[in-house]
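Please keep the sequence and the model at hand while reading.

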Amino acid sequence: MNTRKFFSHTGKTMTSQPLKTINLKFEELPESEMKSRASEFNTLMQKRRTVRDFSSRAVSRDVIDDCLAAAGSAPSGANRQPWHFALVSDPAIKREIRLAAQVEEEEFYTSRAPQDWLDALAPLGTDSEKPFLEHAPYLIVVFAQKFELDSEGNKQKNYYVTESASIATGLLIAGLHNAGLATLTHTPSPMKFLNEILERPSTEKPLMVIVTGYPEKGARVPDIDRKPLTDIVSVHGD
Ligand SMILES: Cc1cc2nc3c(=O)[nH]c(=O)nc-3n(C[C@H](O)[C@H](O)[C@H](O)COP(=O)(O)O)c2cc1C
């Protein structure tokens, strides 16, 4: 067993403890397969679109559970895994969420949002009506855990909470898309009502609602562009 010393930024030794390790399970692939996998994954992800018209058709719970488990494999600051996914399919709860979200969104669209934000949203055609919150079979409400309580009820701080929970949500969206489902990332603002409806503690911050299901037949999406690689990447080396 290895031992490792931990140093603070001042150089002070913080802890010395035995480091438990296991063998890394790493499968090296031939370069041709790496290239085809990377290309196929890109092709798949380019087909992902945010859908706003959902069918109420049922979705297999097994599919959702596997995608949630994949989301839970995300890296996280200090391995705190500071996320919670509330999976909502109960029609009464979905209705409650829809009504509460619409109250906030009505306020947002009529007075809270600055004009530049409304201008940015115009090409998407969004408004304060959120029927998808009731129509879609599943709402996955993502909470970021700012703190956790240990067995004695003491608050334990988490690190890079929003970053970690957002990476997990990215994996979730990719997984659901890969499984053949449509999603909508919905962020009613503010979202505190989700803690109340879903009885989540105040140590958790609602981040996003991932509306999940099949698209309505004939669903249409905004005709928008993605930035080319040259606009999103700068290369510093070969
Ligand atoms: C953090 C975040 C919040 C979003 N919030 C909303 C939202 O509240 N309502 C909505 O209709 N779309 C929302 N979207 C979806 C974006 O509008 C959408 O991703 C963007 O227009 C690009 O379209 P695409 O996902 O089809 O590529 C959100 C996306 C992200 C990443």
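## Overall architecture

The model described here is predicted. Its protein chain contains eight helices and eight strands. Taken along the principal axes, the C-alpha atoms occupy a box of roughly 60 × 55 × 40 Å.

Of the 238 residues in the protein chain, 22% are buried. Among contacts in the chain with a separation of 6 or more, 77% are between residues 24 or more positions apart.

## The largest nonpolar core

In soluble globular proteins, nonpolar side chains tend to be buried together. The largest nonpolar core in this model comprises 35 residues, and those touching the most other members are Leu139, Val141, Val142, Leu172, Ile210 and Val211. Two or more residues of this core come from each of the helices H2, H3 (91-112), H5 (132-135) and H6, and from each of the strands S3 (83-88), S4 (138-145), S7 and S8 (204-213). The most is given by S4, which supplies seven residues to this core.

Leucine 139 may be examined individually. When its neighbours within four places in sequence are left aside, leucine 139 is in contact with Val88, Lys94, Ile97, Leu133, Val209 and Val211.

## The packing of helices H2 and H6

Helix H2 spans residues 61-71 and helix H6 spans residues 161-178. The two pack at an angle of about 145°, and their axes are 8 Å apart. The crossing of H2 past H6 is right-handed.

On the H2 side, the residues that meet H6 are Cys67, Leu68, Ala70 and Ala71. Their counterparts in H6 are Ala168, Thr169, Leu171, Leu172, Gly175 and Leu176. By class, this contact consists of eight nonpolar residues, two polar residues and no charged residues. Leu172 of H6 takes part in this contact, and Leu172 is also listed among the residues touching the most other members of the largest nonpolar core.

## The surroundings of the ligand

Which residues lie around the ligand? They are Arg49, Thr50, Arg52, Leu124, Thr126, Leu184, Thr185, His186, Thr187, Met208, Val221 and Ile224. This shell divides into five nonpolar, five polar and two charged residues.

Strand S7, residues 182-186, gives the most to the shell, contributing three residues.

## Backbone features in the loops

Most residues other than glycine have a negative phi, and most peptide bonds are trans. A cis peptide bond, with omega of about -5°, joins serine 189 and proline 190. Proline 190 belongs to the loop between S7 and helix H7 (193-198).

Tyrosine 160 has a positive phi, near 45°. This residue lies in the loop between strand S6 (155-157) and H6, and tyrosine 160 is partly exposed because 16 other C-beta atoms lie within 10 Å. Glutamate 199 likewise has a positive phi, near 55°. Glutamate 199 is placed in the loop between H7 and S8, and it counts as exposed because 7 other C-beta atoms lie within 10 Å.

Methionine 191 is found in the loop between S7 and H7. Why does methionine 191 count as partly exposed? The reason is that it has 19 C-beta neighbours inside 10 Å, whereas a buried residue requires 20 or more. Methionine 191 and alanine 101 are 90 residues apart in sequence, yet their C-alpha atoms are 7.7 Å apart in space.

Glutamine 46 is located in helix H1 (residues 31-46). With 9 C-beta neighbours inside 10 Å, glutamine 46 counts as exposed. Its C-alpha atom is separated by 9.1 Å from that of arginine 226, which is 180 residues away along the chain. Histidine 236 lies in the segment after helix H8 (229-232), and it counts as exposed because it has 4 C-beta neighbours inside 10 Å. Histidine 236 and histidine 84 are 152 residues apart along the chain, and their C-alpha atoms are separated by 37 Å.

Key:
Residues numbered from 1 in each chain as written. Predicted model: local features only at pLDDT ≥ 70, side-chain atom pairs only at ≥ 80, totals over all residues. Near = placed C-beta within 6 Å. Helix = DSSP H or I, 4+ residues; strand = E, 2+ residues; numbered from the N terminus. Nonpolar A, V, L, I, M, F, W, Y, C, P; charged D, E, K, R; others polar. Axes fitted to C-alpha atoms, helices over the stretch in contact; angles between N-to-C directions. Left-handed = near helix turned anticlockwise from the far one by under 90°. Contact = placed C-beta atoms within 7 Å. Core = buried A, V, L, I, M, F, W, Y, C linked by C-beta atoms within 7 Å. Buried ≥ 20, exposed ≤ 12 C-beta atoms within 10 Å, placed from the backbone.
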